[in-house]
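Here is a short report on one protein chain. Look at the strands first, then at the helices and the rings.

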Amino acid sequence: RYFEGQIESSFWHAGASAGLDDNLIMNFANMFQWDIDFALDIREGDKFYALVEQIYVDGEFVGHGEILSAEFVNQGDSFTAVRYTDGRYYTPEGDSMRKAFLRAPVNFKYISSNFTKRRFHPVQKRYKAHRGVDYAANTGTPVFAAGDGKVIRSGYDKYNGHHVFVEHGGGITTKYIHFSKRKVKKGQRVKQGQVIGLVGATGLAAGPHLHYEFLVNGVHRNPRTVSLPKANPIAKSEKATFLAFAKERIQALNHNKQLLLAMR
């Protein structure tokens, strides 16, 4: 079945209006979460399109299955995903939709402080560089490892409060600060999306939030804009088969799009 919609207020509302159930809305957001920040990047006028499996038992419709192909147009940029036979999503060119790092490691309400060279510290009452992003969220909100790696620090001090540092490949380190509770220990290996702690306000924090830092070879980079390394693309041995498969799926999506346009 083909679905399409346009954002007026939120993606959730637009998805429900288009006929997507809660599961499909979440799956859609999860597919594109490495390219689009669904809390901050969504704008009125953004559009989405999806081709979804329908499941029948003895000729009777029992529910929707997987999203087979989808497109999201965000602020004029188009992102397209195709589900392959391995159950993973790829771009039409065969790059994984999944990146090696999550753009934001927590479901947050809003950004309370951005990455900046000069910010007035709410506790210390002086201007200093803010080398990370503060994501305001309720105490106890789970925080995820942004990527696969090894915990190089899990501890407490009066400035950072409860904090966890994770070392990844390629000279990348991520830091998670002001937890109410830590969920991992030093030396532990973690996977992307694994809960490593809970949001809190320990250390020098004016209120509950996650202070998140992204370092490349020891240099702080803006977590919201840094280029994220790609995860594994489609295997070379599968590339030709995948490209033909993806072409069919994208053609089916576009055919439905044009059909609906013609009917209007």
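## Strands side by side

Y2 has L51 in β2 as its bridge partner. Strands and helices here are DSSP runs, numbered from the N terminus: a strand (E) has at least two residues, a helix (H or I) at least four. Strand β1 (residues 2–6) pairs with strand β2 (residues 47–57) in the antiparallel sense, over five bridges. Two strands pair if DSSP finds at least two bridges between them. The model is predicted: local features need pLDDT of at least 70, side-chain atom pairs count only at pLDDT 80 or more, and totals for chains, interfaces and linings use all residues. Residues are numbered from 1 along each chain as its sequence is written, and side-chain values use heavy atoms, with hydrogens and water left out.

β2 also runs antiparallel to β3, and ten bridges join the two. Y49 stands opposite E71 in β3. β2 and β3 form a hairpin with two residues between them. In the turn, D58 has a positive phi of about 55°. In a regular strand the side chains alternate between the two faces of the sheet.

## Helix α3

How far apart are the end C-alpha atoms of α3? They are 36 Å apart. The expected span is 1.5 Å times one less than the number of residues.

The buried residues of α3 are F242, A246, I250 and L253. Buried means under 20% relative accessible area, exposed means over 50%, and partly exposed lies in between (1.4 Å probe, protein chains only). The buried residues of α3 pack against β1, β2, β3, β4 and β5.

## Aromatic pairs

A search of the whole structure finds 14 aromatic pairs. Rings of Phe, Tyr and Trp (its six-membered ring) pair if their centres lie within 6.5 Å; planes under 30 degrees apart are stacked, over 60 edge-to-face, and the rest tilted. F11 and F72 form an edge-to-face pair, because their ring planes are at 70°, with centres 5.7 Å apart. F11 is in helix α1 (residues 11–18) and F72 in strand β3 (residues 60–74), so this pair links parts of the chain 61 residues apart. F11 and F72 are both buried. Ring pairs also link F11, F28, F32, F48 and F72 into a cluster.

Y84 and F245 make another edge-to-face pair, with centres 5.2 Å apart and planes at 75°. Y84 lies in the loop between β4 (77–83) and β5 (89–90), and F245 in helix α3 (residues 239–263). The pair therefore ties together parts that are 161 residues apart in sequence. F245 counts as partly exposed at 22%.

## Charges over rings

The charged end of K175 sits over the ring of F165, 4.6 Å from its centre. K257 lies over the face of Y49, at 4.2 Å from the ring centre. A charge sits over a ring if NZ of Lys or CZ of Arg is within 6 Å of the ring centre and within 35 degrees of the ring normal.

## The whole chain

The protein chain has three helices and 17 strands. Its C-alpha atoms fill a box of roughly 60 × 40 × 35 Å, taken along the principal axes. Buried residues make up 44% of the 264 residues.

How values were computed
Contact = heavy atoms within 4.5 Å.
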